[in-house]
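Hi,

Here is the structure I promised to pass on. Have a look at it first, and then read my notes below with the viewer open.

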Amino acid sequence: MRWILVGVIAICNTLGDVLNTAGMKRQGELESLDARSLGHMLARIVQNALVLGGLGALTVSFFALLSLLSISNVSFAVPATAMSYILETLLAKYILKEQVKWRRWAAVTLVAGGVVLLSL
Amino acid sequence: MKPESPVEVHKTRLLTLLVIGGNVVGNVLLSHGMRQVGKIVSASPLDYIRAFANPWAVLGVLVLIFWMISDLALLSRADLSFVLPITASSYVLIAIAGHFLLGERISSIHWAGIVVITLGVVLAEETPARTTNGRREALL
């Protein structure tokens with residue numbers, strides 16, 4: 001059961017972030033940081049199927065995390081987080097077509113490793 | 001992709017700081033609130049809703065909602081593969097804030113984790129925030 005939850009967290013987290021990025025890129029850049037632009041952005045988000053799907057996936061991930069935390073300690077949830085970093089970077093490269101060169105790979109690998117160390 | 005103007009780079013930086021700050025402040029407030037609420041080990045959603053009677057927990061949740069919105073705004077301007085490692089600096093800041101504000105202990109292994117994450121953040125900072133073009137090509 002625990003490992004199923006870890007898998008659900010990793011997959012939903014990854015799916016959520018990738019869908020959110022795709023949806024927000026399609027929606028267009030937030031041009032300005034004032035309240036009007038933010039309000040306009042929010043109004044478009046509620047009609048943005050990709051972002052709504054992304055937020056849904058993140059919600060599932062959140063409740064899976066709560067369930068996991070209720071049956072095991074925090075450090076058991078960490079492999080899911082670390083795995084998400086690597087998975088998301090892979091999808092950013094191959095689906096979102098971002099340029100992921102060695103610096104970003106090194107960065108994300110260090111972060112994933114650091115997250116594991118912080119959980120020990 | 002043409003290089004972004006300094007003003008645009010500045011906006012992305014500012015949003016990045018808001019995302020990191022929102023995450024840190026939201027988590028510290030929520031953590032402080034949940035400690036006052038006490039341990040919740042329950043399958044009942046009602047027990048979790050009880051936590052919302054605590055003002056610190058409510059404030060934490062509100063800040064985390066702001067964090068989520070600013071994260072979406074940042075993703076409209078920057079690559080996911082840039083945002084992920086950069087915003088991981090919130091782990092470092094949460095650990096340090098937990099140490100100084102909530103009296104949590106940081107072991108030597110945790111310090112090692114903090115150093116390793118910081119190295120990752122610095123490396124990612126040296127890459128351009130966005131490597132994709134206009135709004136259409138990226139995707140699905």
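Chain A has 5 helices and 0 strands, so its elements, read from the N terminus, simply go α-α-α-α-α. Its C-alpha atoms fill a box of roughly 45 × 35 × 25 Å along the principal axes.

Keep in mind that this is a predicted model. For chain A the mean pLDDT is 89, and 98% of the residues reach 70 or more. Within that chain, confidence is highest in H5(A), at a mean of 93, and lowest in H4(A), at 86.

Now to where the chains touch. Chain A puts 43 residues into the contact and chain B puts in 37 residues. On the chain A side, the elements giving two or more residues are helix H1 (2-27), helix H2 (35-45), helix H3 (49-71), helix H4 (74-94) and helix H5 (102-119). Which of them gives the largest share? That is H5(A), with 12 residues. Sorted by class, the chain A side has 24 nonpolar, 9 polar and 10 charged residues.

Let's follow H5(A) across to chain B, starting with helix H6 (residues 108-125) of that chain. The axes of H5(A) and H6(B) are 7 Å apart, and the angle between the two helices is about 160°. Angles over 145 degrees count as roughly antiparallel, which is why H5(A) and H6(B) are described that way. Their crossing is left-handed. If you want to find the contact on screen, the residues of H5(A) include A:Arg103, A:Ala107, A:Val111, A:Gly114 and A:Leu118, while those of H6(B) include B:Ile109, B:Gly113, B:Val116, B:Gly120 and B:Ala124. By class, this contact has 15 nonpolar, 5 polar and 2 charged residues.

H5(A) also packs against helix H4 (residues 80-87) of chain B, at an angle of about 40° and with the axes 9 Å apart. Are these two helices parallel or oblique? At that angle, H5(A) and H4(B) are oblique to each other. H5(A) passes H4(B) in a left-handed crossing. Here A:Arg104, A:Ala107, A:Val108 and A:Val111 of H5(A) meet B:Ser81, B:Leu84 and B:Pro85 of H4(B). The residues of this contact divide into 5 nonpolar, 1 polar and 1 charged. Look for A:Ala107 in particular: A:Ala107 is among the residues that meet H4(B), and A:Ala107 is also part of the contact with H6(B).

Chain B has a helix pair of its own to look at. Helix H5 (residues 89-101) of chain B packs with H6(B) at an angle of about 145°, and their axes are 8 Å apart. H5(B) passes H6(B) in a left-handed crossing. In H5(B), the residues B:Ser89, B:Tyr91, B:Val92 and B:Ala95 meet B:His110, B:Ile114, B:Ile117, B:Thr118 and B:Val121 in H6(B). This contact has 6 nonpolar, 3 polar and no charged residues.

Helix H1 (residues 6-37) of chain B has 32 residues, and at 1.5 Å a residue they should span 46 Å. The C-alpha atoms at the ends of H1(B) are 46 Å apart, which agrees. H1(B) is followed by B:Gly38, whose phi is positive, near 95°.

Happy browsing!

Technical notes. Residues numbered from 1 in each chain as written. Chains lettered and ligands numbered in written order. Predicted model: local features only at pLDDT ≥ 70, side-chain atom pairs only at ≥ 80, totals over all residues. Contact = placed C-beta atoms within 7 Å. Helix = DSSP H or I, 4+ residues; strand = E, 2+ residues; numbered from the N terminus. Nonpolar A, V, L, I, M, F, W, Y, C, P; charged D, E, K, R; others polar. Axes fitted to C-alpha atoms, helices over the stretch in contact; angles between N-to-C directions. Parallel < 35°, antiparallel > 145°, perpendicular 65-115°, else oblique. Left-handed = near helix turned anticlockwise from the far one by under 90°. Expected span 1.5 Å × (residues − 1). pLDDT = per-residue confidence, 0-100.
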